Amino acid sequence: MRPIKITISAFGPYAGTQVIDFRDLKERNFFLIHGRTGAGKTSLLDAMCFALYGDSSGDERAGRDMRSHHADASVRTEVVFDFAVGQEVYRVARSPQQERPRKKGGGLTVEQAQGTLWRRESILDESYDGKVLASQPNKVTSEIEKLLNFQSGQFRQVVILPQGQFRRLLMAESVERQEILEALFKTEIYRRIEEALKAASKEIKDKWSEAGTKSEVILRQADVATYEELLEVQKAVAAKLEAAQAAVSMSRLRLDTCQEQLAAALQAERVWKELALAESALEALKQQAAGFEERRLRLKGAQEAARLIPTENILNQRRTELAAARSKSQSAESALKEAHCKRDGAVLALNQEEGREPEREELRRSIRQLGDLSGRVDEFQKASNELKASELKSRSLFEDKEKLSSAIAAVEKSLEVKLEQFRKLELTASMLEANRQMAQTAEKVFQSRRSLDLACQELTQTTVEAELARVAFKKEEAELLTDRKSLEQLERSWLFGQAAILAMQLVQGNPCPVCGSADHPAPAESYVEVPTESELNRHRDLLVVKETTKDEASKKKFDYESSVVKLQSQVHALTEALGDDAFIDLPLLQKRIRETKAAVIGSQEAASEAQALNKESDELKTAHARSKEKLALLEQSVEAENTRRFQLSGIVKEKESIIPEELRDLVALRTRQNELSGKLKDLELKLKVVQLGAGEANQLFASCEADRRNATELVDGLLATVESAVNEFQVLLAGAGFADEEGYRTSKLSSSELLSLEQEIQDFDSGFRSAEERACRAREAASAVAVPDLVAIQTALGDAKNINQEAVRTAAEQEAKLKHLDSYVSEFERSRQESLALEKEFESFGRISEVANGNNGRKLTFQRYVLGALLDDVLLAASERLTIMSQGRYRLQRVCGTTDLRKAGGLELEVLDSYTGTTRAAATLSGGESFLASLSLALGLADVVQSYAGGIHLETMFIDEGFGSLDPESLDFAIRALRDLQKSGRLVGIISHVPELQERIDARLEVVPCAQGSVASFKFG
């Protein structure tokens, strides 16, 4: 960072506006900030730090405490700082929270802190700020930290070395020095490497531990103590499986034979069943044959009736036409009578209307008289309306003038209110960023707290389930032990029982089948009930099932116990991360989130409202000016309208003397005209209507008379046609064999019924023939087979199935057990190989992680090792200057040993004293010596950082301490070292009131205190 220009207003001792343009130094890179004590030298550094970070160089005063006590209340406290970082130029402007006079009314208002950062394309155009990068104080600080790669404290330790903090870098603790070096040399990558190695090592170790645990779990699930025992059990079960599979093959052969016999028997049984069904079906059809003879007679009668249906339809059509003609004749007679009555009434009405002609003529005369008067009334009406309109307009203009005057006063009052609202909204809007950060923090805490609750609930549930699993396992283990003892007792009883059975078959003198002796002095006897072999096998099978159940319970117990441990670790981690927030109820955290979000929304709404309010105020000001102009125009209009109203009043009085009072209104005149015209039209319309009605009545009478005549003639013709059709139908009935129409209708069927009857008879005939053929085939098939003994065959098959199922079950159990054992063996072998590989990997990788993370004899991490190497370069450069300044006595070096095993080492400093040949702590140096050492360290740090060019530009250094503690010779060496910095182009500013420096440095920024505040300016020579 290199300063270009700083503009200070009402800041510290500077009451007015103070501009310091560092470009005035031109080629000079070494200058003195000089002035009396309290003049305001350090305030210049405070102004730079405030512009960049919002605090002072000493970090002892907040921005709001820096306002000048000499400044006028109307002058705003602000610092504008132009600076360069590499080739880029920036401008930052800040103002602290401060009180200022209200723009309207009396009193003070609080203006919130403001800040803006710009990137500038040119430093020549002072009026152009550039492109805005950030526009809120907190965001400006964040952007500055990114640009300079320093936080405020680190900036004061490396660039601006203020009073009271100059020696901090030299005397800093190892951890604090590490933070500075991390920021300067960007060594975060090495810390990330440490963390990555640590995470990878932990992952390998966890996997190794899981693999070892998995092997133990596998042995417990297999219910063996060692892997060798597991292999022995596997071999024994494989032998049992081989014997069981042989038994399955034998039983399957017997079962196949029985199934073939059953299939043949079932086929023979189906043949005999088919014979019985076929004969039964044929007998049923024979019993139905008599009923179908009646259906055949019914079908024949229906077919004869179907041939007469067309003739019957023609007869019915003629009868229908005759009935319709008779109905039409009756209607024509009624219509003729009604038309005669209407004709008589129409003639009477026509005579009455023709007699009202005098009344119609009188109405025509009155209408002509009213038409002659309408022109005068129209002129009177227009004058009266204009007079009323003028009176209304005068009244309206006066009211508008009064309203506009009131509105102008209201706008002025509203402007004052809105200005006060704008100040309050602006204050609320300035808290947006802080409220947003609080909302984000509250949301994160809530999510973590909810995760903690869920983990606790799951832990409680899993703990209960783990306890239940432990109880179940103990129960299964105890039952298995009991069953094993029972099986052992049964096996002993069975063995003793076998001996007793053999003893019962012994005969004195015959050899024993066991020992071969012919003497049997003490034959074995059984005193308990001897179990059968099937009972013994059943208990063995139950024991296998119990062992499987116990293994499952053991696995379930282990899984739940592992889950409990993981959940406990998760709860512990969440509780530690939350701290005190872990004990706050979720509703309170949700309330905190709602409150912070509401505050964010409030700030956002306030910002929007403030912007809208500002715009609204501008619009009100514009409207206020327009309203003033409009008020002047309204006053002129009121005077002109009063003159016009007086003229119209004279015209109205003249017209009133000519026109009758009841007809002065043009509307009333028009209404009277319309009323008389309406009466005349009604009379004329009635006359036309009755004339038209009389003509229509005559025409209707003539038409109805013709209709009656035609209908009578049609009825007479249809009577003869119907009679002829009836005779023809009777002849056809007799020819078809029907005695009368009733017999015909009884025999008649619909077409669908006729087809259904025909189909039913055909189906019966076809079914009867099929039944006879089926019965014949069944008799032939039954004669070739005998009746089977199905019960005996099914019994033999059932026995074969039971034997086969028992053999298959036994083989399946042994196979399942062998599969379990095979999986245990393969899983154990795989787990053992994985454990060996992970152990070997952890031996190398874990050690690398431990060394990189400081688990070594020197407590030195990988990042600290790199920082130590960089610090060596810094100390080498610093010692070159310190050797010159201390006349060859002192050198700075890094402590290589470990002074305190409880702390991380590698970055401690010590001083090598060539006079004594020993090293000592930097804290043992005198005031002047520590100043020279601190100055050398700061200069060496700047040189090395600049040479590494890691995006950090240390082109400037301000020093505000220590020169007064140096003797003349040491001061001379210090000045000589600082002058050497000009060769690298670095700008160095020294703040001091030591007179000797004023004589040795030709470029000075003189700070002169006055009664109304200090003034600063560059002096040369």
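Predicted model: local features only at pLDDT ≥ 70, side-chain atom pairs only at ≥ 80, totals over all residues.
An open sheet is built from 6 strands, and reading across it gives the order β2-β1-β4-β5-β8-β9, with antiparallel pairing. The edge positions are taken by β2 (14-21) and β9 (131-134); each has a single partner strand, so one side of each remains without a neighbour in the sheet. On average, neighbouring strands are turned by 20° against each other when direction is ignored.

Two helices can then be placed against these strands. Helix α1 (residues 41-53) packs on the sheet, where β1 (2-11), β2, β4 (78-85) and β5 are touched, and its direction makes about 100° with that of β1. Helix α2 (residues 137-148) lies across β4, β5, β8 and β9 and runs at about 40° to β8.

Turning to the aromatic side chains, the model holds 7 aromatic pairs. One of them joins Phe1018 and Phe1020: the ring centres are 6.0 Å apart and the planes meet at 15°, under the 30 degrees that count as stacked, so this pair is stacked. The two residues can also be described by their accessibility. Phe1018 has a relative accessible area of 14% and is therefore buried, while Phe1020, at 36% relative accessibility, counts as partly exposed. Both belong to a cluster in which ring pairs link Phe22, Phe31, Phe1018 and Phe1020.

Terms used
Residues numbered from 1 in each chain as written. Heavy atoms only, no water. Pairing = 2+ DSSP bridges. Helix = DSSP H or I, 4+ residues; strand = E, 2+ residues; numbered from the N terminus. Axes fitted to C-alpha atoms, helices over the stretch in contact; angles between N-to-C directions. Contact = heavy atoms within 4.5 Å. Phe/Tyr/Trp six-rings, centres within 6.5 Å; stacked < 30°, edge-to-face > 60°. Buried < 20%, exposed > 50% of the residue type's maximum accessible area, 1.4 Å probe, protein only.
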